[in-house]
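Hello,

Here is the structure I promised to pass on to you. Please open it first, and then read my notes below.

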Amino acid sequence: MKQTLEDSFSTAYFYLINRRPVTLISSELILVEDEMTDTEDNEEEDLGVMDDQRSVILHLISQLKLGMDLTRVVLPTFILEKRSLLEMYANFMAHPDLFLSIAAGATPEERIICFVEYYLTAFHEGRKGAVAKKPYNPIIGETFHCSWDVPKDKVKAFRTNGASTVPKDPTKEFGQDQSTCYKLRFVAEQVSHHPPVSCFYCECKEKKMCVNAHVWTKSKFMGMSIGVSMVGEGVLYLMEHEEEYVFTLPSAYARSILTIPWVELGGKVNISCARTGYSATVTFHTKPFYGGKVHRVTAEVKHNPTNTIVCKAQGEWNGTLEFTYSNGETKVIDTNKLPVIRKKIRPIAKQGPLESRHLWQHVTNSLKEGNIDAATEHKHRLEERQRAEERQRVALTMPWKPKYFAKEGDGWLYLNPLWKTH
């Protein structure tokens, strides 16, 4: 049952008089203190396709044509990974210390180089493991909330950022003392079903920086592969420097879908700041048919007014990356040795009915138990409910109104972004 606005305010008032810190967002009550360090491990077991599963995939393939849009095609449940696409976007922030370090750069050149360093290290944790499994398609109105406590001593200016590459110590938990940490908050929402558009917004008030992004996923059949294009863009706002960095996302490919599926990223993405004249091109190289390395990425940072290349990078987005700067200095980052700061999230019992983990909990539990039939049934119920609600909205001519984002031109903007409140 959905919580009413009146219920929310009553509850907020109850917590307020009991001196408990609350954030009231729209009609949903988000209790900051209820968030706990996430213990879920998004590592997926190897998926060697079994004979009965192979026959399902073969049957599906027989009905598809090359280049066919897969948006409305129901894919088998056994290829699903145990999280929503909205949560996968949150996992791009697994190194929030590198993200917050962008604002610590002393010059525009340092700041865009820091952005590129963060960007290149953002994909390996969100795309954990080589196994190609598909996150749940979020249903319209689905949301995901989380935050990170980022130790202030881990947020370094550009020249000392090498400290971030120290090997992670599994015995040490980051950021228990709030006063020594920056707070980074994240919210994502599925704002449209056809086309499937996800939005996410992330902010750190203390560092006066935030990101707003909208992504429309388009899947197509490519024979023995499935390609997923990420249409849309994000904008990083650095309020202290009055800079906006526009960026795009690479495509993803599931290869060898009849044997052991694996994932790779591909395509050229751009990062640019109109105010400073700096831009970057990042190319994710797909593996050639014969030979060649997998997961290769190259990048180039340029100052456009002078046509000067100030930084080059090469390596693997899920391995080692080498950066070379215009002054001849170099830096190596091993993404597998970067310390991961775990996100904080409220337990399922304290989440709203449309929050990702609450919404998909029965599908997730069934997948964990290896009960594919039960997972399929729970997933089917969710999809049927979504279709019924959509039919009802059409009959009443009532378009869906998102909770946290509003359509603006071709994109979507968070309703209460940092640049409006500062």
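**The cavity and its lining**

Helix α5 (residues 108-121) contributes three residues to the lining of the largest cavity, the most of any element; helices here are DSSP runs of H or I with at least four residues, strands are runs of E with at least two, and both are numbered from the N terminus. Before going further, please note that this is a predicted model, in which local features need pLDDT of at least 70 and side-chain atom pairs count only at pLDDT 80 or more, while totals for chains, interfaces and linings use all residues. Residues are numbered from 1 along each chain as its sequence is written, and side-chain values use heavy atoms, without hydrogens and water.

The structure has one cavity of 30 Å³ or more, and about 160 Å³ of space lies in the largest cavity. Its lining has 14 residues, and those closest to the centre are Phe92, Tyr118, Tyr119, Phe200 and Phe247. A cavity is a set of points on a 1 Å grid over the protein atoms alone where a 1.4 Å probe fits but cannot get out, and lining residues have an atom within 4 Å of a point. Points are joined across faces, edges and corners, and the volume is the space filled by probe spheres set on them. The lining divides into 14 nonpolar, no polar and no charged residues (nonpolar: Ala, Val, Leu, Ile, Met, Phe, Trp, Tyr, Cys and Pro; charged: Asp, Glu, Lys and Arg; polar: the others, Gly among them).

**Aromatic rings**

There are 18 aromatic pairs in the structure (rings of Phe, Tyr and Trp, the last by its six-membered ring, with centres within 6.5 Å; stacked under 30 degrees between planes, edge-to-face over 60, tilted for the rest). One of them is the stacked pair of tyrosine 136 and tryptophan 360, at 4.4 Å centre to centre and 20 degrees between the planes. Tyrosine 136 belongs to strand β5 (residues 134-136) and tryptophan 360 to the loop between α7 (356-359) and α8 (361-368), so the pair ties together parts 224 residues apart in sequence. Both tyrosine 136 and tryptophan 360 are buried (under 20% relative accessible area; exposed is over 50%, partly exposed in between; 1.4 Å probe, protein chains only).

**Cysteines**

The whole structure contains zero disulfides (pairs of cysteine sulfur atoms within 2.5 Å). For cysteine 114, the nearest cysteine sulfur is that of cysteine 311, 9.8 Å away. Cysteine 114 is buried at 2% relative accessible area.

Best wishes

Technical notes
On a 1 Å grid over the protein atoms alone, a cavity is a set of points where a 1.4 Å probe fits but cannot get out, and a pocket is an open set with protein on both sides within 12 Å along at least five of seven lines; lining residues have an atom within 4 Å of a point.
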